[in-house]
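Here are my notes on the model, as numbered points. Please keep the structure open while you read.

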Amino acid sequence: MKRYALMFCLLAAVQHTQADDLKVPKNALWEKECGACHVAFPPQLLTADNWQAMMDGLARHFGSNAELEARERKAITDFLVANAGTLARHRSASLRITETVWFKREHRSISPKEWVHPDVKTPSNCKACHNVVGHTSWAERDLRRTGGRSEQD
Ligand code: HEC
Ligand code: HEC
């Protein structure tokens, strides 16, 4: 590999870690079906086995019926599994992203009062605070509520 090409790769890697933006892949079917009742939660935020378990139980989905036709269910499952998180901090016994170690750590600066604010109601209500444009942008610059967080970071 040419030397400057290697330099470029290293720089790109460093910038990526610093920005830490969640890049959500495009998938029209998933956005439509899984974004109908709430935001389409990014596939990276749960593990593959969590998504598989959720997709196997859509008729009883957190008290709702979100069942899909078999072909659509398979296509969406394949998409979620292919882009799933691989680290232990994305695993959730309850299948809730909001109960993962990652979620709690990422949101540790938010005050307890903010979670129960009338405009928020529940941590699952991502769009109360995140301006989720086309289901793809979760960058910190797109926050519409900063959660009364302290300015230490
Ligand atoms: C018919 C409405 C409906 C559809 C369609 C639907 N969901 Fe849900 N989903 C819900 C409800 C209701 C909850 C619970 C929300 C709460 O507790 O505030 C939920 C919660 C979730 C959660 C947990 C959020 C948390 O608290 O961390 C995930 C993940 C999720 N849904 C994924 C999906 C996926 C993937 C699809 C598409 C296959 C989907 N949902 C389609 C209604 C729906
Ligand atoms: C009460 C407001 C609030 C709610 C609700 C909320 N978030 Fe956040 N989120 C924040 C704040 C504030 C930050 C920045 C935290 C920090 O850096 O201290 C953040 C950070 C993030 C980040 C990291 C962004 C980056 O560029 O570093 C992701 C990804 C994220 N949240 C996803 C979610 C998801 C998914 C949900 C719903 C399941 C959710 N959030 C619910 C306020 C919220």
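How many nonpolar, polar and charged residues does the shell around ligand 2 have?

1. The shell has 14 nonpolar, 6 polar and 7 charged residues. Ala, Val, Leu, Ile, Met, Phe, Trp, Tyr, Cys and Pro count as nonpolar, Asp, Glu, Lys and Arg as charged, and the others, Gly among them, as polar.

2. This is a predicted model: local features need pLDDT of at least 70, side-chain atom pairs count only at pLDDT 80 or more, and totals for chains, interfaces and linings use all residues. Residues are numbered from 1 along each chain as its sequence is written, chains are lettered from A and ligands numbered from 1 in the order in which they are written, and side-chain values use heavy atoms, with hydrogens and water left out.

3. Of the 27 residues around ligand 2 (a heavy atom within 4 Å), H107, S109, C126, C129 and H130 come nearest.

4. Now the metal. H38 and H61 coordinate the iron atom of ligand 1 through NE2, at 2.0 Å (donors are N, O and S atoms within 2.8 Å of the metal, or 3.2 Å for Na, K and Ca; water is not among the atoms, so sites may look incomplete).

5. Is H61 buried or exposed? H61 is buried, at 15% relative accessible area. H38 is partly exposed, at 28% (buried is under 20%, exposed over 50%, partly exposed in between; 1.4 Å probe, protein chains only).
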